[in-house]
Structure formats: structure tokens, C-alpha cells
Amino acid sequence: MSLNEDLTRLSATDLAAAIHTGEASAVEVAAAHLDRIATVDGAVHAFLHVDREGALAQAAAVDAARAAGNPPASPLAGVPLALKDIVVQKGVPTTAASKILEGWIPPYDATITTKLKQSGIVILGKTNLDEFAMGSSTENSAYGPTGNPWDLTRIPGGSGGGSAAALAAFEAPLAIGTDTGGSIRQPAAVTGAVGAKPTYGGVSRYGLIALASSLDQAGPCARTVLDAALLHEAIAGHDPRDSTSIPEPVPAVVQAVRRGQGDGIKGMRIGVVTQLGGEGYQPGVLDSFRAAVAQLADLGAEIVEVSCPHFQYALAAYYLIQPSECSSNLARFDAMRYGLRVGDDGNHSAEEVMVATRGAGFGAEAKRRIMLGTYALSAGYYDAYYGSAQKVRTLIKRDFEAAFGAAHVLISPTTPVTAFKIGEKVDDPMAMYLNDLATIPASLAGIPAMSVPSGLAADTSLPAGLQIMAPALGEQAMYRVAGAYEQARNAAAGFTLLDRVAEVPTVAGR
Amino acid sequence: MTTAALTPAEWAALDDVADFDEAIAAFDPVLGLEVHVELGTATKMFCSCATTFGAEPNTQVCPVCLALPGAMPVVNGTGVEYAIRIGLALNCSIAPWCRFARKNYFYPDMPKNFQTSQYDEPIAFDGYLDVPVGDEIVRVEIERAHMEEDTGKSTHIGGATGRIHGAEFSLLDYNRAGVPLVEIVSKPIVGTKASAPEVARAYVATLQDLMRSLGVSDVRMDQGSMRCDVNLSLTPAGSPVFGTRTETKNVNSLRSVERAVRFEICRQASVLTAGGKIRQETRHFDELTGTTAPGRVKETAEDYRYFPEPDLVPVAPSAEWVEQIRAALPELPWVRRERLQREWGFTDLEMRDLTNARGVELVAQTVAAGAGPGDARSWWMSYLAQQANSAGVELSELAITPAQVAAVISMVSSGSLTAALARKVVDGVLAGEGEPAEVVEKRGLAVVSDDSALQAAIDEALAAQPDVADKIRAGKVQAIGAIVGAVMKATRGQADAAKVRELTLKTLS
Ligand SMILES: [Zn+2]
């Protein structure tokens, strides 16, 4: 093992310590990860764009600041990160994995991007996703699928498959994901990573290419709960440029993780949601979940069962609200101001160019959702579809309110199944949509939820995830349980899940 | 009164449609007016770009108003305040909680391909506006006033018409995209009969005055900062059922509002009288011909797929804030008019004529520049009104400012201009010859007050008409007119007649 590979195996916390004490320079750390990407990403295809020069320059700035005697810009200063390619970064191609944005160079930074830069976090490049974050497998990327480092013939989840795979393939210790119906949590679960969706409004959406505005939320992805918490604190906070962002202080989630690891969770009440399990869930996933429940009980938590009867309508409501907002959000991709332009040959009107460009630029899933949403919002159907879905949303929020009356946090398996084969479900949208069965309720309610590895499912030997949900702005309870559980599971198993990931074959990437 | 704005050529354009009086005898017009007011906020409705009119194309744009991927809107608080001001001045209820909605449709000059507007939750609703029409007040009920944003502008290059069809290419300017608008929607205005065109015009004119006095917009119809869509339908005289309406766009002046209403009444009447049906459609007003023509026919009805804008939080103006805004409202035009009438000592008739001619503010400014109210009124309402009428423009559109009118009035009262000369000075100002003093100078219009020059002319006139001189000496003072006339002729009218008379008598005494 070379020194470089050692660096890529470290957690963000340890890398930060090494950089801040001078054991390693930020440039060395960035170079190690860039080399790793160059070595393995041809096989994994986690990245759509690697910004080698930009990353090294950012790292050099961190080293220069340290050399000048300045304290670190943040606890994560100098640590590399993979940015989901739906978050805009000035001067770096941003595609949302769509042909319609091919070649577009954003002239501005998303608020998250600004915060990452201000924190001295080194952005390695942009990661693959399902086109405009629509999907659960990253197969809907216009630029080809990403492989799951546990088995490259399998999906890494979606939409944030690239960010999750980058973590599992040790191409980056940190990543940014965005979660509309589970796009942070589901990829984390099927790759053995940690991913957290903050409370809606906890992290600014400014500069995050919108899929469904009332659901979208960016969040941290990492290999450990503490790393996720550190990244969470770096990107969260009120942003005057996002009217829906919450004008509240950032929850002290790092402290919450340490508390979970130190004081544990004795006395906390943890609710198991009856409706999120059973039929449709893979036996190995359910076994892994039961083991997690037992472990939490061993830690002194009181386990209660809670019923959320309206969750059965969550998927249906989600697939009306999300396509409706999506159909409107994607209307701006019209060839007039940026991105792809088809048919502008002097013989076609602007309207014809718009039609031709959208026909050529959007993939099948994007078109499917635009049509679904356009239909659901149409006069005469609005009340029956969009209107009813909003009512279901209210009922789901009430279910959560009642459940949180009985428990501090709620838990479930993150996904019904472990990673499936690439191509297995591409022709069956319903089967694909069912992947988000357990993650969608929290999205509709706007509450925080995260996935923590719960070991390998015995029947597939692939990672499964434990989903922890908390009331709005209740991130501290969520992270406290996550921190305690992760520590207990690692101790009991004798290993960190990702230590067992297969070594990815060397296929040079970009 | 109603027909004053139409020139004979414009009337000729109406020849192929029904006679207005016959149309009104058979049908009752139902009016509906949608007026867009561009707010005069320094920045756009959802971003901090400037709103200056006429800037270099695409220099007042940012990720938000260009709808770059990822950009998000933030509501301009001043825009909301202006909308509330408008709502209060229109006697509306102000919603304690309302939302923006997305109005979805594709158009190249609309960056997001949806307009952020308000749908079923407008900021202001259920109000009214009292409109002076002739010597009556017509109360127009206001359905709503809601906030929205403007689009960009397309310019179509090539092709004959400047319209999109036949153009070789189009240029897009997004400077206007996102500029705040308030749309004021009237309830159907019924019972106006033959005065419908005049009511429509007076309503828009009254709104314009109101917006100006509220300080929320410069309401320049020629620059598009106030735009009017005219909805009109006819119903058989006495019937309570509304007919099919048309919506006429591109009505860009007060005069056009009146003309568009009149034309649509005549056109629809001729269609209906011939047994035809009115198609519900958007029509465009043509300033040149004074007619309306159908817009492009769409195969399907427009479905805007409105839904609440998820990128914005609801607007919830507190009762305290609304009351603060109400308390700070400036003096409204009708209150101001009453006060000015008292101060100026005008009769009701004088004030009404002045109001109808939209001269109140012009007189006020002329008075503020030092003129007496009577002189100011008489200038604006007689000589200047004639000039405006023959040029087919509004008083305010004349190329003379109240300050210039005040300057002319002051020259008259100091005796340096006669009334006749003053009119020539005004003509010079209107012709762009400069300030009144410059016109006097350039045209040599000053009253000849040089006694020696006058004396010479008088001596010459007396010498030429010795019989008249004798009559005057004999006490027939009325004969002096012949001398004064001769002197005026010799000085090309630039002498003060009283002075001539005085000097003549002195010469002969
Ligand atoms: Zn802007």
C-alpha cells in the first residue's frame, strides 16, 4: 500500500487532523484522491467531471493559509469532497446528468458551493446522478451508469449514485448529495455509506438545480456519522437567497454525534414504523433491520411500535407532487439562453427550436415525469391529482406528529432491497419507484432523515441501511442515535462496513 | 366630448362596421379592463437587478431573472408594499395571507417558461374606483389587484411586419424580465351604453392619475409601464346574459382605449346583427387604422397549470404594516382636486372641465412656478387645449412645460408681451425653438416699449392722417383707433396699444 492509498482510506476527521497538524499537506491529500480517481473511476464511473487543477489550487490555498500561521478555515479545511453534478459550481461544467445542459459552464456558485469553498473543503469534481435526480439507480444518467463498488454490475442507488460510489470506492471521503424522495439515503444504504437529508430548509437550495422545489434538500454523505455531521454543519444555515430556508441556527449535530458515542442513547424512545417493513421488503434487509433494533435496545433505548396509516398513500402522492413541480421546473430548459440547441438552422422558429431541443435533450424518465406532471396540473385534473396529493401530504405530516408524540426518533430499513443488477428494472418504472417506499414519507413531511449502514444483508451479502427519522429541526436526536448505533455496530461486528468492500479493478478514469 | 379624440380619417376606418349609434341602440356593451402597472421599484420583483428603462440590452440581468439552473427568487418587499398601496387606494381588502403561483406557458422571452404571478390568492381584492366621466361619477368595481413579474422583450429582425412570422431571426432582451407588475382587474362594467368608450378611457386615466400620486409607477403608456387589455362583449339591449367577449391587447394610449372600445362595439354589433357569432379570442389593436384584428388562432385553449410557487413562502402582511401603509398614503387625486379647487377658487364646472382635460396637475405645476391660477387655467384650457386637440395629443404630451407656461404668463403680466405675442412665443416653444425668453429673442417678439421708436411711428401716422389728428384734437377721442391701428401695423403688432394711445394723446395735447 502506497502512502497515497493510505490517505484515501482515512476518514474526513482523520484527514483534517493530519492536515491541521501538518502530518500531510492538503495538496498531498487532494493529489492522492485525484490519483485514486484516475486509477479506478474508469471502472466505477462516479464522476462526470474531475477538476484536477481547481482542486489542487484550492488545496494549495489551504496549505498556504496554514503556512502563514492562520487557523484552519473550518474543521474540514483541506479535506476533499465530491460534489453531485446538480449543484452549480462557477466555471466548472454542470450537467445534472442531462444532455440538455451539456457544455454549460455556470457563471455562479450555489450557496453550498460557496460554503464549501469558504470552509476550505477541496472540491474534486462533479459526480454522476440520474438525469435531474430522477431515479433510484443512476441508470437515468445521460452519460452512462455508475457501478456499485461492492459489485460493479450492480447499481449504486440513485439519484446520488455517483456521490455514494465515490465514497465506497475511496475516491473521496466526503460528498454532497441531494434528496427529493430518497436520493441521499437510498444510495448511502446500498453502498454502505452514511447519508443525511436535513430538515427541509436546513440547507440552502440556491444553486441546486431544482427537481421538485417543495421536496429537494441537499445534505452530507460520508463514510462515518461524525464526518457526515461535520459536513452537515459546514453546509447548513439560513440563506437569504433561498426564501424557503429556515432562519434558525444550525443544529449542533457534531456535538450530538459525540454525545451518542459518549453518553449513548439510554432512555431515548425509538419508534419502529409498522408500515415501513413487511411485504415488499427483502428478507435479508428485514433481518438486518431487526438486528439493528436489537442493538438499539441493548444500548438502552426504549423501542416502541408506531403506526402511520397514511404512509400507504405516500408513494402515490409523491409521484404526483414531484412530477408536477418537475414539469414546471424543467420548463426553463428551452435552448434560448444556455445548454443544448437543436434545429437552429435559420429554417425553424424559436418555438420549433424549443420543441426539438427538449425532444433531443431530455431522457425518457425526464419526459415521462414532465408528461405526468403536466397532466396532473391540468385544468380539470388539478383537484383530483395535485390537490389530493397535497392533502395526503398533510395527513402524512399528522401521522409523523402523532408518532413523534410517542418516540424521539423513528426508524425503518432505508430501502426495501439491496443493490440490484444494472438493467434489471429499467423497463419497469413502478418497480424502480418502489425503492423509495421507506424514504418518501420523510421527504413529504420535510423532516430530517438519514441512513446509517446496518451491515450486510445475509441473503445477498450486500449493504443494508438503517433509516433514522426525527421531527423537523430534530437533527440532534437523529445524529445522536446514528452515532451511538454506528459505534455499537462496528464494535459488535469488529469492522467498519466499508473495510469489507471489494477492491475496485484498476480502470483508468478521467 | 366622446368623439373629440377621433380624427375624420379614423372615423372613415369605421365605415365597414356598424354605426355606433345603431350598435348602442341594439346592444348593451359590457366592459372589463385589465390594467398592468409596472412598479417603479429600484430593483426587480425577485432579484436585485436594476429596472432602469432603456438600458443596453441584457445588462440588467442575473442568474435569477435569466432563470439559470439552480437560481431562486426572493420577493422584493417594496414591490409588496407598492401593491398594498395600490390595493388600499382602490378601496380593496388586503389579504392577510396570500401566495404567488406559477402560470405555466412557453414563450421565448419568458426565461422560466412560467410567470410568477398570483392566481386565486391575490394581495388585494374587492374594491372600487370612482371615475369622473363628464359631469357624473361612475363607480367601477375592482375585482382584484395582484402582483406578478414582467417578461423580457423579443425583437424580430427581417420580414415585413416586425412580427415573429416571416422574421429571419429574433433578439431577446431580458432587462425587463422580472420587473414587478401589478395587474388591476375590474369587474364587468355594465350600463354604460353609449358612454362605454369614454368610461373606459376615463377609468384608465383615473388609474393613471392615482398611480402617479401614489408614487408607485411612472405609468408611461408609450413606454409600456402601463398597459391595458380591453375586454368587451355585447348583450342584446336589456338582456341580463353577457355575450361572448373578446380581449383586445396592444392598447397603448388613453385615446386608443377609447377607440378600441368603440371599434369593438361597432364590429361585434355588425357580426351579431348579421346573425354571426363572436369568437372568444385575443385581438390586437392597430394604432394606425384604429381597428382590432384577431391574434394567432390557437387550436387548444390555453391551460396555464397554475399551482402555488414552491420556491417562495406565502406573503403575510401584518395588520399593523397595512395600517402603516394606509396612514402614509399620499393625498389621493380626488381629495387633492377638492383642495385645489378651494384654493384656486374655481367653479365646479371649471374644475370638472380641467379634470376631464387632465389639466389639474399641469395647472398646479404652473401655479407652483409662479402663475396665477386663473391665468394658468385659461392658458391650458384654451390656447394649449386647441394645440393639443389639433395635434391629437394629450395636454401633458405637448412640448411645453408648466414652468415655460408660467414664464410666458409672467411676461404678459409685466407688459413685455401682449396676449397675441404670447401665443406666438408659445408656438415657438412648441416648435422646439427653446425657452420662452429665447423665442422672444429669436423671433423678435418683445413689445416695442422704446418710446422714441413708438413716437416716430405715431408722428408718421398723424402726418399721414391729418384729418384724424384734427378730430382727436377736437375731442373725438374714439377716432384714435385709426392711429393706433396704423402704429400697430408699422410695428408688426409688437406695440402695446394702451401705450400708443397714451403717447398719441400726449403728442396732440
Ligand atoms: Zn436579476
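**Exercise 1. The nonpolar cores**

Which residues have the most contacts inside the largest nonpolar core, and how many residues does that core have?

*Solution.* Before starting, note that this is a predicted model, in which local features need pLDDT of at least 70, side-chain atom pairs count only at pLDDT 80 or more, and totals for chains, interfaces and linings use all residues. Residues are numbered from 1 along each chain as its sequence is written, chains are lettered from A and ligands numbered from 1 in the order in which they are written, and side-chain values use heavy atoms, with hydrogens and water left out.

Step 1: settle the term. A nonpolar core is a set of buried Ala, Val, Leu, Ile, Met, Phe, Trp, Tyr and Cys residues joined through side-chain atoms within 4.5 Å. Buried means under 20% relative accessible area, exposed means over 50%, and partly exposed is in between (1.4 Å probe, protein chains only).

Step 2: read off the core. The largest one has 162 residues, and the most contacts inside it belong to Leu116(A), Phe132(A), Phe400(A), Met450(A), Ile468(A) and Tyr479(A).

Step 3: zoom in on Phe400(A). Not counting residues up to four places away in sequence, Phe400(A) touches (heavy atoms within 4.5 Å) Phe311(A), Leu410(A), Pro441(A), Ala442(A), Ala445(A), Ile447(A) and Met469(A).

Step 4: look for another core. A second, separate core has 74 residues, including Leu31(B), Leu39(B), Ala196(B) and Leu207(B).

**Exercise 2. Where the chains meet**

*Solution.* Step 1: count the residues. On chain A, 40 residues are in contact with 32 residues of chain B.

Step 1: find the charged pair. Asp311(B) pairs with Arg205(A), their closest N and O atoms being 3.0 Å apart.

**Exercise 3. Salt bridges within the chains**

Which parts of chain A does the pair Asp35(A) and Arg52(A) tie together?

*Solution.* Side chains of opposite charge can pair when their charged atoms come close. Over all chains, the count comes to 44 salt bridges.

Step 1: Asp35(A) forms a salt bridge with Arg52(A), with the closest N and O atoms 3.3 Å apart. Asp35(A) lies in helix 3 (residues 26-44) and Arg52(A) in helix 4 (residues 52-67) of chain A, so the pair ties together parts that are 17 residues apart in sequence. Helices (H or I, at least four residues) and strands (E, at least two) are DSSP runs, numbered from the N terminus.

Step 2: Asp470(B) forms a salt bridge with Arg473(B), the closest N and O atoms being 3.1 Å apart. Both lie in helix 15 (residues 466-473) of chain B, 3 residues apart, about one turn of the helix. Asp470(B) is partly exposed at 47%, whereas Arg473(B) is exposed at 54%.

**Exercise 4. A residue in a loop**

Is Thr414(A) buried or exposed?

*Solution.* Step 1: locate the residue. Thr414(A) lies in the loop between strand 9 (409-413) and helix 15 (429-433) of chain A.

Step 1: apply the cut-off. Thr414(A) is buried, because its relative accessible area is 0%.

Step 2: survey its surroundings. Leaving aside neighbours within four places in sequence, its contacts include Arg185(A), Gln186(A), Ser451(A) and Gln467(A). A polar atom of the Thr414(A) side chain lies 3.2 Å from the backbone nitrogen of Gln467(A).

Methods. Salt bridge = Lys/Arg side-chain N within 4 Å of Asp/Glu carboxyl O. Polar contact = N/O pair within 3.5 Å; in protein donor to acceptor, adjacent residues only side chain to side chain.
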